[in-house]
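Subject: The structure we talked about

Hi,

Here is the structure I promised to pass on. Have it open while you read, and my notes on it follow below.

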Amino acid sequence: MSFIQIEHLSKTYKGKDDSVHALNDINLTIEKGEIYGIIGLSGAGKSTLVRCINLLERPCEGKILIDGKNMPELSEKELREERRKIAMIFQQFNLLMQRNVLDNVCFPMEIAGIKRKEARLRAKEYLKTVEIAEKAKAYPVQLSGGQKQRVAIARALASNPEIILCDEATSALDPQTTGRILKLLKQINEDYGITVVIITHEMRVIEEICGRVAVLDKGNLVEEGPVSEVFKNPKSKAAKRLLLTKELSEEGEENGLN
Amino acid sequence: MRNLGLDVLLKGTNMLRLLEGLWVSLRISLIAVAVSIVLGLIIGSIMTGKNVIIRAVTRLYLEIVRIMPQMVLLFIVFFGTTRVFGINLDATAASIIVFSFWGTAEMSDIVRGALISIPKHRYESAAALGLSKVQTYVHVIIPETLRRLIPLSINLVTRMIKTTSLVMMIGVVEVLKVGQQIIEANRKSSPNAAFGVYLVVFVLYYIACRPISFLAGRLERKWS
């Protein structure tokens, strides 16, 4: 049994006259401790898919088994408990503006009922891990994008998660900062054994840290496998198109910008 | 130097009367502000809901308040109700009703705007951290809504205080009316009183509103 197991997952948004099939019969498995990438162009359904894992979106059909528990069947309370084990980081960072960095990291621990003193101690450790301990007293508005994402990662660690979901976590960052954040995620994956699921539209993110990748196209899972294989020998149209845009943008960087 | 007509304020209890008049204005506006904030928060939250009827009714309400001059509203409530419904409303009460009616509409719209400006991912992020609905509102949504709310609502409060000068039209003796009375009573002895008295009225309004906008500026800078 795999750690995360998605079976026959479908999600349809019903409009007044028509309905949109955001996800069609998705099947995939993610093993404990791996870094799994989900790639697709915008509108492919990857955000919906990742939100189904922690049930921010409720699927219409199918199972989402995490460590054997079927998420859609859980009660509100059980779900909240389960969500604490599944941290999520966003493109928009989503820090609390009225709290400083340290208090932001303490926040999930406060909610979980951990004593203030212990929470602060642990928060300081996590800030060291993400290499931003010197900004503990700063407020989010005083930080750069990369620094904010580091704080968000520290906050994700604070709930002692088994999984970290990254929803376009590096898409608002410049290439260098992206590289450093990816390295940090890789390091966290290795040191804490946390399973990482990454949603992105950038090939490079997948290439740099993912072991396996799934390609989504218009709500369908069109290709799946180890990154090296999928990238070397893409079978689906969507994967080919993604590779092509990557090559074009790289050529652009080499020829045009320098 | 020309006679600015300030001497008249030192006669008898004139200055004290002006201050009492100011208190009448402030009392009306502050009661109306309190009512507007409470009702505005409630109605504004309701307005973000999906119910079509509630949305239509609240929008109609807002449109009426926007289009109707406050003075017309005052006349309808004060003179109109007496004849038609036989209710003998005290002028101050009528003023408070009209200002609350106006303030609530504007406040609801401000609250609605602030609430819908909170992006979806803020709710998602809170849920992903394992927060319940109540916790999400207490820790994330309400603090953020409030900070978006404060500049606009402070602006509304100062506008409400200023606009209370209209209530003299239905016979409430507030600061401006007292000023007029003083000028009239001293027309012979100090013909320049108009300048001095209105200057003082201006200063009084300034003193009443300035701390509020100062506070708003401070909060805005602190939170930006």
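Which residue takes a positive phi just after helix 3 of chain B? That residue is Gly86(B), with a phi of about 70°. Before going on, keep in mind that this is a predicted model.

Helix 3 of chain B covers residues 70-85, which makes 16 residues. At 1.5 Å a residue, the helix should span 22 Å, and its end C-alpha atoms are 21 Å apart, so the two values agree. Helix 3 of chain B also has a bend of about 35°, placed at Phe79(B). Its buried residues include Leu73(B), Leu74(B), Val77(B) and Phe78(B). What do the buried residues of this helix pack against? They pack against helix 4 of chain B, residues 91-116.

Now for chain A and its strands. Four of them make an open sheet, in the order 2-1-4-5, with antiparallel pairing. At the edges sit strand 2 (19-30) and strand 5 (69-70) of chain A, each pairing on one side only. Strand 1 (residues 4-14) and strand 4 (residues 61-66) of chain A are antiparallel partners joined over five bridges. To find one of these bridges, go to Ser10(A): its partner in strand 4 of chain A is Glu61(A).

There is a hairpin to look at too. Strand 9 (residues 212-217) and strand 10 (residues 220-226) of chain A pair in the antiparallel sense, over six bridges. Asp217(A) has Asn220(A) as its bridge partner in strand 10 of chain A. Two residues lie between the strands of this hairpin, and Lys218(A) has a positive phi near 50°.

Asp67(A) is not a glycine, yet its phi is positive, at about 50°. You'll find Asp67(A) in the loop between strand 4 and strand 5 of chain A. Glu168(A), also a residue other than glycine, has a positive phi near 50°, and it is found in the loop between strand 7 (163-167) and helix 6 (175-192) of chain A. Is Glu168(A) buried or exposed? It counts as buried because 20 other C-beta atoms lie within 10 Å. Asp67(A) has 14 within that distance, so it is partly exposed.

Next, the inside. The largest nonpolar core holds 81 residues, and Val105(A) and Val197(A) have the most contacts inside it. Helix 5 of chain A (residues 145-158) gives the most to this core, with seven residues. Another core, of 42 residues, lies apart from it, and includes Val24(B), Ala32(B), Phe101(B) and Val172(B). Beyond its neighbours within four places in sequence, Val197(A) is in contact with several residues, among them Ile30(A), Tyr36(A), Val50(A) and Leu165(A).

Last, where the chains meet. How many residues of chain A are in contact with chain B? There are 14, and they touch 13 residues of chain B. Helix 2 (76-84), strand 6 (86-90) and helix 3 (101-111) of chain A each supply at least two residues of that side of chain A. Helix 2 of chain A gives the most, with three residues. By type, this side of chain A divides into six nonpolar, five polar and three charged residues.

Cheers

How values were computed:
Residues numbered from 1 in each chain as written. Chains lettered and ligands numbered in written order. Predicted model: local features only at pLDDT ≥ 70, side-chain atom pairs only at ≥ 80, totals over all residues. Contact = placed C-beta atoms within 7 Å. Helix = DSSP H or I, 4+ residues; strand = E, 2+ residues; numbered from the N terminus. Nonpolar A, V, L, I, M, F, W, Y, C, P; charged D, E, K, R; others polar. Core = buried A, V, L, I, M, F, W, Y, C linked by C-beta atoms within 7 Å. Buried ≥ 20, exposed ≤ 12 C-beta atoms within 10 Å, placed from the backbone. Pairing = 2+ DSSP bridges. Expected span 1.5 Å × (residues − 1). Bend = angle between axes of the 7 residues up to and from the residue.
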